[in-house]
Each structure stands twice: as C-alpha cells, then as structure tokens.
Amino acid sequence: MKLYGYWRSSATYRVRIAMEVKGLEFAYEPVNLLKGEQRSADFLKRNPQGLVPALETKEGCVLTQSIAIIEYLEERYPETPLLPADAERRAKARAVAATIACEAQPFMNLRIQTYLKEEREFDAAAMKDWLNRWSGGAMNSVESLISNEKGPFCLGDRPTIADAFLVPQVYGALRFGIDLSNATRIRAVYDHCAGLDAFRRAHPESQPDAVRP
Ligand SMILES: N[C@@H](CCC(=O)N[C@@H](CS)C(=O)NCC(=O)O)C(=O)O
C-alpha cells in the first residue's frame, strides 16, 4: 500500500496511526502542501478533491477521506481491531472520531486558514480566537464524551479509532495555541499514546518529509 500525505497533516497522521497500530506495511509518499503539490495535475488524478491523505491499496485502487480509509483498513485487515467489539462502544468510538473530523479539524485546515488570512484579513489574535472558539469548543465536546471513561486510551485498555483521531488533533491544537488546559482526560490519553512505539512511528516528526527548525 502507498500512503500519500504530508508530515503535519492531521488527517494523514490518523491513517498512519491506524496502519502502525495494525502493524501494516506501507510506503509513504510525501505531498508538500505548502508548495501546493496537492493541486498538481498528477495528484488530482489520485484525489480530485486536492486533499491528503490518499491511500493506494495493494489492488491499485485510490481511497480518500481518512474516515473511509480507516474503515477500509478495519474491514480488510481486521486483526488488531480499532473498533470495540460492542455496538454501543463502536458508536462511541465513531462519535469521538466524527466530532474531531467534522467539528474540530476543518477549522484548522490550510485552505481555510489561508482564506481567513488573505481574504478576511484575520491577524494572529483573530485566528487564535477563531480556533479556540470553534476547534477548542469541539474538543470540549470530546472531553465530555470520554471524561467518564477508564483506562489509558479514550475508551479503555486498547487503542481505537477514537485515539487515532484524538492524538493528531491534540498535536495540531497545541501547535495552533488552542487552550486544552481543562481537557484533563484528553491530555492524559495524549501523553499515554506519546510513549507507545506505534504512535511514535506515526508522529509527524518521524516522517521523511518533516521539516526541523
Ligand atoms: N476530511 C478529510 C480532510 C482532509 C484534509 O483536510 N486534508 C488537509 C491536510 S490535514 C489538506 O490536504 N489540506 C490541503 C489544503 O487545504 O490545501 C479527511 O479526513 O481526510
């Protein structure tokens, strides 16, 4: 399999976590978002939406959208499941993932940020306020969803898709200065995952296209 992505893309990071936790082998093909490579004719043939991640399967089919990719991996490679066995727990894991993918991450997206800066003249303070209000608000919802859960991961003793979505979102939130000081359970899960090999291998700074200061 070949994963097209960008080191700091949180949606790509989710897929890397899922693949690493499942122990799947894959090649990583960087797409430089800052250089606009996601809009190159070559990449648009793979994903006409011009977004990463995209996953080329062993059969040569190109899949897009991190949720769809991770659900595909779960169906195709069910060993080391990322969804709980119980239907209600599965719904909860999906609720955490959906809150992050639909209600927290989109506000942080490069094209949205570029629009706000260049066409709406947002300065750094306005951007921080916007991100805290919308992305930070969605993270408060995630904190409520998991605050009564036990165990080192979002939903117990094993990683699920909830963790695959949560860890990249926290990484991005910290980078953008979103206040997570009240999100104590989110921070505890994030810190736990940071120490695990699969999550370390998936980390943005472990990628070949990472830019170090
Ligand atoms: N809903 C999509 C989001 C994908 C997405 O927003 N990708 C970002 C990087 S995290 C991207 O490619 N941005 C490029 C741009 O904004 O031009 C998913 O879950 O895969």
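Asp163, Leu166, Val167 and Val170 in helix 7 meet Ile186, Val189, Tyr190 and Cys193 in helix 8, and that pairing is a handy way into this predicted model. Sort the residues of this helix 7–helix 8 contact by class and you get seven nonpolar, no polar and one charged. Around that pair sits a protein chain with nine helices and four strands, divided into domain 1 (2–80) and domain 2 (87–199).

**Helix 7 against helix 8**

- Two packed helices are described by the angle between their axes and the distance between the axes.
- For helix 7 (residues 161–175) and helix 8 (residues 184–194), the axes come within 10 Å and the crossing angle is roughly 95°.
- Angles of 65 to 115 degrees count as roughly perpendicular, so helix 7 is roughly perpendicular to helix 8.

**Overall build**

- Reading from the N terminus, the elements go β-α-β-α-β-β-α-α-α-α-α-α-α.
- What radius of gyration does the protein chain have, and what would a compact globule have with 213 residues? The chain comes in at 17 Å, and the globule would be near 17 Å, which agrees.
- Along the principal axes, the C-alpha atoms fill a box of roughly 45 × 45 × 30 Å.
- Buried residues make up 37% of the 213 in the chain.
- If you take the contacts with a separation of 6 or more, 70% of them are between residues 24 or more positions apart.

- The C-alpha centres of domain 1 and domain 2 are 20 Å apart.
- Domain 1 puts twelve residues into the contact, and domain 2 puts in 15 residues.
- On the domain 1 side, helix 1 (10–22) and helix 3 (66–76) each supply at least two residues.
- Helix 1 has the largest share of that side, with eight residues.
- By class, the domain 1 side that touches domain 2 has eight nonpolar, two polar and two charged residues.

**Backbone spots to check**

- Val52 and Pro53 are joined by a cis peptide bond, with omega about 10°.
- Pro53 is in the loop between helix 2 (41–46) and strand 3 (54–56).
- Gln65 isn't a glycine, but its phi is positive, near 70°.
- You'll find Gln65 in the loop between strand 4 (62–64) and helix 3.
- Is Gln65 buried or partly exposed? With 18 other C-beta atoms within 10 Å, Gln65 is partly exposed, because the buried class asks for 20 or more.
- Glu121 is another residue other than glycine with a positive phi, this one near 55°.
- The loop between helix 5 (110–119) and helix 6 (124–146) is where Glu121 lies.
- Glu121 has 8 C-beta neighbours inside 10 Å, so Glu121 counts as exposed; the cut-off for that class is 12 or fewer.

- Thr160 is in the loop between helix 6 and helix 7.
- Is Thr160 buried or exposed? It counts as buried, because it has 25 C-beta neighbours inside 10 Å.
- Which residues does Thr160 contact, leaving aside neighbours within four places in sequence? They are Leu82, Leu83, Pro84, Ala93, Phe153, Cys154 and Leu155.
- From Thr160 to Ser206 is 46 residues in sequence and 21 Å in space, C-alpha to C-alpha.

**Asn32: another loop residue**

- Asn32 is in the loop between strand 2 (27–30) and helix 2.
- With 14 other C-beta atoms within 10 Å, Asn32 is partly exposed.
- Not counting residues up to four places away in sequence, Asn32 touches Tyr6, Glu37 and Asp209.
- Asn32 and Thr99 are 67 residues apart along the chain, and their C-alpha atoms are separated by 27 Å.

Terms used:
Residues are numbered from 1 along each chain as its sequence is written. This is a predicted model: local features need pLDDT of at least 70, side-chain atom pairs count only at pLDDT 80 or more; totals for chains, interfaces and linings use all residues. Domain bounds come from an automatic or database domain assignment. Two residues are in contact if their C-beta atoms, placed from the backbone, lie within 7 Å. Ala, Val, Leu, Ile, Met, Phe, Trp, Tyr, Cys and Pro count as nonpolar, Asp, Glu, Lys and Arg as charged, and the others, Gly among them, as polar. Axes are lines fitted to C-alpha atoms, for helices over the stretch in contact, and angles run from 0 to 180 degrees between N-to-C directions. Angles under 35 degrees count as roughly parallel, over 145 as roughly antiparallel, 65 to 115 as roughly perpendicular and the rest as oblique. The radius of gyration is taken over C-alpha atoms; the globule rule is 2.2 Å times the number of residues to the power 0.38.
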